[in-house]
Amino acid sequence: MTLAATGTEVGVAVVNGVLVLGAFACLVLFICTLVSIIRSSLTVGMKLIWMIFAFIAPFIGSLCWFVVGRKDARRRPGVV
């Protein structure tokens, strides 16, 4: 019995590692998005809409928040 891994086993391990790393990065992005939405100066209704969008489409919703929503929140006066 040998302990050496075949090329296929190494390839599968690399793919699994990349998938786990990607999933972790998406989770971190999603959590950062939720924190950013909560801390923004948007109204409660707009925060709720952005949070629902982020939960429905976690990756796309998070990207949209950081590209569009966050800029919009900075332009608004501090309304609660």
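Begin by selecting isoleucine 31, which counts as partly exposed because its relative accessibility is 45%, where partly exposed lies between buried, under 20% relative accessible area, and exposed, over 50% (1.4 Å probe, protein chains only). The model is a predicted one, in which local features need pLDDT of at least 70 and side-chain atom pairs count only at pLDDT 80 or more, while totals for chains, interfaces and linings use all residues. Residues are numbered from 1 along each chain as its sequence is written, and side-chain values use heavy atoms, with hydrogens and water left out.

The protein chain as a whole has 3 helices and 0 strands.

Next, show Phe24, Leu27, Val28, Ile31 and Val35, which form a nonpolar surface patch with about 440 Å² of accessible area together (Shrake-Rupley method, 1.4 Å probe, only the protein chains shown counting as cover for residues).

Then turn to the largest nonpolar core, made up of 5 residues, Ile37, Leu42, Trp50, Trp65 and Ala73; such a core joins buried Ala, Val, Leu, Ile, Met, Phe, Trp, Tyr and Cys residues through side-chain atoms within 4.5 Å.

Finally, centre on tryptophan 65, whose contacts (heavy atoms within 4.5 Å), not counting residues up to four places away in sequence, include Thr33, Ser36, Ser40 and Arg70 as well as Ile37, Leu42, Trp50 and Ala73. Across the protein chain of 80 residues, 19% are buried.

Terms used:
Patch = residues over 30% accessible without salt bridge, like charges linked within 9 Å, V, L, I, M, F, W, Y side chains within 5 Å. Salt bridge = Lys/Arg side-chain N within 4 Å of Asp/Glu carboxyl O. Helix = DSSP H or I, 4+ residues; strand = E, 2+ residues; numbered from the N terminus.
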